[in-house]
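Here's a quick walk through how this chain is put together. Have a look at the fold first, then read on.

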Amino acid sequence: MKQFGLSSKERIKSKNEFDLVYSAGEILFSSSQKFKAVFFIQRESEPSGIKTAFAVSRKSGIAVWRNRIKRLLRESYRLNKKEICSEAVIKKMRVFIVFSPNTINQKNSRKILLKEVMPEVNDLMNKIRTRL
RNA sequence: GAUUCGUGUUGAGCAGUUGUCCCCGAUUAUUAUCGGGGGAGGAAAGUCCGAACUCCGCAGAACGAAGUGCCGGGUAACUCCCGGGGUGCUGAUUUAUUUGGUACACGGAAAGUGCCACAGAAAAAAUACUUCCUGUUGAUGGCGGGCUAAGCCCACCAAAGGCGGGUAAAGGUGAAAUGGCAGGGUAAGAGCCUACCGCUUCAAUAGUAAUAUUGAAGGCAGGGCAAACCCCACUUGGUGCAAGGUCAAGCAGAAGGUUUCCCGAGUAUAUUCUCGGGACAAGGUUGUUCGCCUUGAACUCCUUCGGGUAGACCGCUGGAUCCCGAAAGUAAUUUCGGGACAAGAUAAAUAACUGCUGCCCUCGACUUCACUCGGGGGGACAGAAUUCGGCUUACAGACACGGAUCAUUU
RNA sequence: GCGGGAGUAACUCAGUUGGCUAGAGUCACAGCCUUCCAAGCUGUUGGUCGCGGGUUCGAGUCCCGUCUCCCGCU
């Protein structure tokens with residue numbers, strides 16, 4: 001497995017898994033309330049690992065803006081996923097995480113940069129690690 | 001050279017690191033790794049039109065509904081494009097004229113129905129009303145005469161009003177008023193007559209046509225609204241890739257509905273079996289009806305309720321395709337020749353970051369400006385989802401062409 | 001992706017076949033009533049009829065374009 005990669009096997013793609021996360025999962029907010037993460041932990045299961053997805057509501061902006069938010073969220077997770085992945089494998093759990101923007105939308109921040117998104121995502125990942 | 005408008009083209013480049021979707025190849029052997037190649041737009045947007053393609057329906061006809069609407073051409077087709085005509089607005093110029101720009105849903109109001117508030121005599125029927133002119137009557141008034149004065153009588157003049165006739169010119173209100181203006185004419189007036197302008201009809205000429213020009217005739221027929229109903233001509237069946245098809249996996253079925261009858265033939269026989277015809281019934285018929293089709297019985301048809309799956313593949317990208325050149329045509333466009341292959345995802349890839357160059361803005365330094373150096377900031381609108389042709393809307397900057405205005409030089 | 005619907009006062013809605021100054025209730029403000037408050041009564045304020053064009057003498061209404069919001073279809 002690549003150190004900084006994010007292949008299709010590490011992403012949530014089926015409708016069943018999404019239903020599981022949204023019906024049984026918990027919600028966490030970042031410190032500035034701009035982003036949120038919905039996650040669900042399955043203990044003592046094989047194969048272990050983490051699967052993620054990045055969801056943006058249609059109401060928060062136009063297609064170009066929504067695509068950029070998803071790319072920045074994915075980039076932030078991809079570059080920092082190493083520690084949380086290894087911890088999940090050691091504890092033998094399957095973890096599903098969905099990252100989404102919460103209060104942020106196209107009207108209040110038309111331009112957004114990676115250095116604004118990265119600390120927020122790190123904050124969310126650290127909060128999830130304490131729950132493992 | 002500057003500003004502004006219109007049309008067209010374009011929509012920063014190079015390098016590095018990390019990542020992702022598709023295809024090809026190799027290794028490995030069912031899980032990956034490595035290498036190579038490709039990976040958003042002029043609007044991909046809005047979904048406003050038109051098609052391809054799909055399934056459903058379909059012998060056909062009538063009715064309905066929707067759309068389009070000057071003429072000709074282009075196109076697979078069009079609420080599109082090109083060319084021409086007409087009307088309105090506007091500019092230039094001139095003796096007359098001629099011409100540029102721009103907008104137009106631009107068939108029909110002497111087939112019918114409806115509406116036209118307020119104001120106004122009247123809003124579509126042309127008549128009534130007022131006024132005007134005139135005949136008659138004449139309250140009353142004036143002047144004159146007669147009888148002695150008051151008063152009465154006679155004649156004449158003026159005249160409110162009444163009754164009858166003529167006329168539709170005038171009525172100033174309105175968005176819109178029954179051809180306009182001038183002259184004649186008349187009791188007053190009137191296309192009643194005449195000239196000019198406008199209108200209608202017919203003919204000739206030019207043009208494929210819309211239409212234009214010229215001539216003759218008619219003395220004028222008639223308001224507006226059809227983006228009100230409508231009439232005329234033309235076009236259109238419905239459905240949209242979440243269409244539709246194949247495979248895999250998976251569960252559980254239940255209730256209800258329906259009419260048969262008659263005639264003929266076949267075989268030894270026929271209420272019973274088979275075939276054909278007719279009647280009747282039920283169902284289907286994707287706008288409605290006629291008609292058409294299926295069935296005459298049920299594990300199989302129809303209706304209602306309930307249960308399961310939501311994975312893979314095809315459709316899927318080579319096409320009314322794009323580029324270059326030549327020819328035809330005023331043009332839209334077409335034909336011929338040569339060349340190219342250019343995303344195909346599905347919780348949805350096409351990216352993120354850094355550096356340099358180039359463009360624009362701003363601040364600072366020698367400092368009056370320019371040049372130069374350094375710091376900071378900006379770089380639009382916007383993201384394929386079956387595919388094409390248009391339309392509409394959004395858009396920083398750059399380039400080319402054309403028009404207008406201003407300044408300078410020759 | 002495809003197909004439908006809506007937009008009128010701060011809020012909830014009317015507005016007929018195009019016609020006179022676009023109405024009703026709630027809210028707000030002022031006055032009356034009450035010792036005071038509430039309730040009640042009277043009056044007032046508040047509108048780019050989402051936006052831009054067109055047809056018409058005249059448009060909230062008819063037509064075209066556009067913006068925003070809502071709903072349905074596996």
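Predicted model: local features only at pLDDT ≥ 70, side-chain atom pairs only at ≥ 80, totals over all residues.

What follows covers the sheet, the helix lying on it and the nonpolar cores.

Zooming in on one pair, E1 and E2 run antiparallel and are joined by four bridges. Phe-29, for instance, has Lys-36 in E2 as its bridge partner.

With 18 residues, H4 reaches 26 Å from its first C-alpha to its last, close to the 26 Å expected at 1.5 Å a residue.

Which residues of H4 are buried? They are Val-117, Glu-120, Val-121, Leu-124, Met-125 and Ile-128. Seen down the helix axis, these buried residues fall within an arc of 140 degrees, so they line one face of H4. On the other side, Lys-115 and Thr-130 are exposed. The cover over the buried residues of H4 includes E1, E2, H2, H3 and E4.

## The nonpolar cores

The largest nonpolar core holds 29 residues, and Ile-50, Leu-73, Tyr-77, Ile-97 and Phe-99 touch the most other members. Two or more residues each come from E2, E3, H2, H3, E4 and H4. There's also a second, separate core of seven residues, including Ile-12, Val-21, Phe-40 and Ala-53.

Leaving aside residues up to four places away in sequence, Ile-97 touches several residues, among them Ala-37, Phe-39, Ile-50 and Ile-128.

How values were computed:
Residues numbered from 1 in each chain as written. Chains lettered and ligands numbered in written order. Heavy atoms only, no water. Core = buried A, V, L, I, M, F, W, Y, C linked by side-chain atoms within 4.5 Å. Buried < 20%, exposed > 50% of the residue type's maximum accessible area, 1.4 Å probe, protein only. Contact = heavy atoms within 4.5 Å. Expected span 1.5 Å × (residues − 1). Arc of directions from axis to C-beta. Pairing = 2+ DSSP bridges.
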